Amino acid sequence: MAETMSTGGVKPLLSLHNINMTFGGIKALKDVSFEVLPGEIHCLAGENGSGKSTLIKIITGVYRPEAGAVIEYDGQTFSHMSPVTAQAGGIQVIWQDLALFPEMTVAENIAFHTVIGRWPRLVDYRHMRRTALKALQRLGVALDVDLPLKDYSIAQRQIVAIARALVGEAKLVFMDEPTASLTQSETDHLIDIARSLSVSGVAVVFVSHRLAEVLEISSRITVLRDGALVGVYPVEGMTQSRITELMTGKTFNQQVRAKPVGDEPIVLEVKGLSRPGQFEDISFAVRRGETLGITGLLGAGRTELALSIFGMLKPRSGRVWLNGRPVRFSSNRKAIEAGVAYLSEDRLSLGLIQPQSIADNLAIASLDRIKSGGLLSDERKRRLVDRWIADLGVKIGRQSDAVSTLSGGNQQRIAIAKWLATDPKLLILDAPTVGVDVGARAGIFEIVAKLAECGLAIILISDEVPEVYFNADRVLHMAQGKMAGWFDPRTCSLGQIEAAVYG
Amino acid sequence: MNSVATRIKDLLGPEIAGPGFAFLAVMLFFGFASPQFLSEATFGSVAFQLPELGLLTLAMLLPVLTGGLNLAITFTANIAGLTVAWVLQANGGVDAGIAWFALGCVLAVAVGAATGVVMGLVIAYTRAHPILVSLSMMIFVRGLGEFLTRGGDVSGFPAFLQPIGHGSILGFPIPLLIFIACVLLWHVLLTRMKLGFNTYMIGSNIEAARYSGVNTRKVIVLVYTLSGAMCAVAGIIMLARFNSVRVGHGESYLLITVLACFLGGVNPFGGFGRVIPVFVALVVLQLLSSGLNLMGANQHLATAVWGILLIAVMILRWLAAQLMILNRRKG
Amino acid sequence: MGKLVRSHATEFALLAVIAAMCVFLSLATNNFFSLGNAFDLLNTSSVNIIFAVGLLVVLIAGGIDISFAVAASVVQYGAALILGWIGGGGWISGLLIAGGLGILLGAFNAFLIHRFRIISIVATIATFNIYFGLLMFFTQGVSIYDLPDWLTDRIILFEQEMADGTWAEITLPVLVMAVCVFATWLLITRTTTGRQLYAFGDNPEGARRFGINIGAMQFIAFGWLGMMAGIGGLIQAHYAQEVVPNALYGRELDVLAAVVLGGARLGGGKGSVLGCVLGVLLIAITQNGLNLLGVSPFAFKMIIGAIILAAITLSNTSLEKLLPFMRQRGARQ
């Protein structure tokens, strides 16, 4: 039986019991219960695939739970919700993908509920505009509500999504992974908004697997694992690592891996590299067998820097040497030929071709190596894939299965294998653990350490400071496109780097 | 033994199920319904009718695999046919030598490829939707053809062209042999060559392919170029079959080629599909129209039945997917 | 004003091109700048505009329809037969029958798409072949010339004698077209249903989470196009004074090109009635202008194709995109 925490006699605003849900034969939720008190800030935590999103979709009526479910909301009992009843009752969600309409105006996006309903009516644009302006005002934000949403940045769109959730009488607001694409100051702003909502009596549920930001303002935390409830806990005394243990059911003991790299030859050297508006005057060198960590907030120019080294962006000025020779790649194909590999931060849409097979995803960057007699050989492709799957310990069914059928961790191993098959000298890993379960991350870094031992030069980019602290030999801090400082994990503490990055 | 089975499965892929069942159904239905169906005459007519539609379908297949379409195929074939016709007419008409015909064919393929290059460049560099680009190319090429021929026929070709349209080698019609050679060429291209491999990858996710070092622009330009060149082959066969060229010949094939691709299990969004199942789908379509012909119906009814067949196959696929979900839920 | 231009860039670009062409043609030809020619343009474009606004609704909802033009032919034939049975009928019963038959044919597409999750291009290519094949099979390709008098009589709504003695006329198709355009505009910009269609085309999953009825969206979009196809078919029969089963064959692609030229996006969520009408008019004016300039009619399509190709290339190419390409070129030389 899962641990539960007394609600202290307060009648919950929302309570769910006996929630079961099955998709294509797989149990997504097993007998889950969930409660939210009026006006509280609550965390719903769990790894990818633990059932968080399914639970929200049941609460908002997108999915219908299996028979036996009991949903009590605001004094009423339901066997299931519908999007219309949920919205009428004041349940609002800010989805991770925002679920906004880019071609429509900001006003229409915020006041979209006015065009919902069974029977056609005339649209009252003036009322829509007023509603939108009022909602934005409540957030203390000024946007031109007549422009289409696509003209705005992701952070501004998130504001629009929040404003949309606040029109009408919201009583319960879910925020699904709200900080995933925000910079620190934007996250701070979001937390202020959540706090003021809570003060005005609106309950807020943060749904996240990264809780550092929201831990301090929440009162309780509900943890899900593999579709089942682990427990409900007070936030007092809770730490990030304790939550990780609860989410994964494992304990982790991380140690600094940094080592001296001494006089190994320099693989990559960068001097004064600049791309105005993205990064400026960047200089560093990476040696054979060295892991260079680069960290900084979102928008610090890390990915653009990596893409410039990889030949997909053109730096405005500065020089790059690879193995002592000056290089200027006209495309990433030239970079790959020269021995540079870049693992994209966006595995789902850029890193791998999800619907295609495991084998093809692994072989795509090294087709010339599986040729025989001028034609591609299935046999050589099979051998190549077998070898890398064995080397990296990837668990797969058949080579012809779509790569999307694999877990995040195994997908990332395939993506790494794709680049290793090109026999690189320099491997750039951009946020290699995004969308990888906490439990599987250690395995990825195991591989990274082994590759460095084999003599690969590695650049590890991450906005999660502990990742670079524990896994890199040196850490470069980038802020607003500039080099902000160097750290040596052997001589400094995690707190020092975190203070520099978030402070 | 087992490995032979896997080899065959690899060759055909899961896409074969739809056209395979359709093939069996058509053979059984007409085999019982019409005593003359399982005869040499049926297969003779299928063998002669298959190549025109088949070659155009091959031209349509590559763009569809990249997630696009080439709506200009039929008129590109006409323009290529006209190119041959003009070369022959300018050099003696019925008395033109075989060398002039060869030159005409080379120029025809070049013209077909050229339309593809233009479309490919526009699609690759501007990211305009392939339906639009090829649609405007279709309107342009049709207009160009009508302008140059004033809407009339071009005919009067040397006698040695006759066998290319109507002759046989060892009982196999020459157009069919040319078509089968092209099918094999496409099969090798798609399964054994880098260009084919990259075509599938681009069809599923062009940006991810670019990040993996695929020269996506080059692949798209080449795909449309090869599509245009294949149109030219179809145009030359059509010229030999009809012994004349007219802009508009084969116009009705345009949407049938798309239908044949979908019937052959090609994914409408691109990324998946094989040549052999599409070939089987084409055979099914021709058997259907020959069978209906034997029973006294005309080509128009066959066209309608083709549409019904496509819907039937799509509904069966949907049912199969539903059944799989149901089974898993029970198990 | 600047905001208006930015949010309606396609429409303004089309207007500018049309204006430039009109100025040029007015100077280069004697007859372009005349009421008679302008009315002529409207009379001849009416059917295409009716089709176009119908197709626009399907494109906005994220679908595509290849079958509407042959569906219009089926409706023409069916309506002519039904009108014969009921003893002639009139404009009201004619429009009701044509619209109703069109809605049925459109709803069949929506049924296939929604019930069996067949994507719209596959479903409508199948129904294109079914509708056209069956029509040609049952009619044997025979045309109907014996139409009721009310259908073949030209109805002139407005006429004015010109200085050279010819008459400038606005006929019934223009009125029907105006009503269809207005109704479509009302539907997609002023009703909640229309906004739901936009939202569904823009982000289907987002629309679903809002509780929008997806099935209803498909039936409304394809039903609306079916209705427009039916009405357009009847008007075309009126205009041509005959029903030829394959008269509209191939029209679907011309209309599609015009609608997309007018700013509608394949994939959904974008497009306006104004842009759609301007797209059809641009092509009609080009054709009209070429005619007046004495260009061979055989060259029309070639030039129009080249214009559309150029328009698509330019509208998809922003300067930033072209510049790196040109810079690379420059660097290599």
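Guide: What follows takes the salt bridges one at a time and then turns to other features of the chains. The model is a predicted one.

Over all chains, the structure holds 35 salt bridges. One of them joins the side chains of A:Glu40 and A:Arg220, with 3.0 Å from N to O. A:Glu40 sits in the loop between strand E2 (26-36) and strand E3 (41-45) of chain A, while A:Arg220 belongs to strand E9 (residues 220-225) of chain A, so this pair ties together parts that are 180 residues apart in sequence. How far are the two partners covered? A:Glu40 counts as buried because its relative accessibility is 7%, under the 20% limit for that word. A:Arg220 has a relative accessibility of 5% and counts as buried too.

A second salt bridge is formed by the side chains of A:Glu108 and C:Arg195, at 2.4 Å from N to O. Here the pair joins two chains, because A:Glu108 is in helix H3 (residues 106-110) of chain A and C:Arg195 is in helix H9 (residues 192-202) of chain C. A:Glu108 is buried at 3% relative accessibility, and C:Arg195 is buried with a relative accessible area of 9%.

A:Lys381 is part of helix H13 (residues 378-392) and A:Asp360 is part of helix H12 (residues 358-363), both of chain A, so the pair ties together parts that are 21 residues apart in sequence. A:Lys381 counts as buried at 15% relative accessibility, and A:Asp360 counts as buried at 14%. There is also a network: A:Glu103, A:Lys150, C:Asp202 and C:Arg265 are joined into one by salt bridges that share partners.

Chain A as a whole is divided into domain 1 (14-248) and domain 2 (266-339 + 424-502). The C-alpha centres of these two domains of chain A are 35 Å apart. Two residues of chain A have backbone angles to note. A:Asn323, which is not a glycine, has a positive phi near 50°. A:Asn323 is placed in the loop between strand E14 (317-322) and strand E15 (325-327) of chain A, and it counts as partly exposed at 42% relative accessibility. A:Ala431 is likewise not a glycine and has a positive phi of about 45°. The loop that holds A:Ala431 runs between strand E19 (426-430) and helix H15 (438-453) of chain A. A:Ala431 counts as buried, at 11% relative accessibility.

On chain C, a nonpolar patch on the surface is formed by C:Leu35, C:Leu157, C:Phe158, C:Leu175 and C:Val179, which together have about 420 Å² of accessible area. Strand E1 (156-161) and helix H8 (172-190) of chain C are the elements that give two or more residues to this patch. C:Leu175 is one of the patch residues and lies in helix H8 of chain C. C:Leu175 is partly exposed, with a relative accessible area of 42%. By contrast, C:Ser45 in helix H3 (residues 35-60) of chain C is buried, with a relative accessible area of 4%. C:Ser45 and C:Met177 are separated by 132 residues in sequence, and their C-alpha atoms are 9.0 Å apart in space.

Chain B is left. Helix H12 (residues 253-263) of chain B is mostly covered, with 10 of its 11 residues buried. Among them are B:Leu254, B:Ile256, B:Cys261 and B:Phe262. Just after this helix of chain B, B:Gly265 takes a positive phi of about 85°.

Technical notes. Residues numbered from 1 in each chain as written. Chains lettered and ligands numbered in written order. Predicted model: local features only at pLDDT ≥ 70, side-chain atom pairs only at ≥ 80, totals over all residues. Heavy atoms only, no water. Domains from an automatic or database assignment. Patch = residues over 30% accessible without salt bridge, like charges linked within 9 Å, V, L, I, M, F, W, Y side chains within 5 Å. Areas by Shrake-Rupley, 256 points an atom, 1.4 Å probe, with all protein chains shown as cover. Salt bridge = Lys/Arg side-chain N within 4 Å of Asp/Glu carboxyl O. Helix = DSSP H or I, 4+ residues; strand = E, 2+ residues; numbered from the N terminus. Buried < 20%, exposed > 50% of the residue type's maximum accessible area, 1.4 Å probe, protein only.
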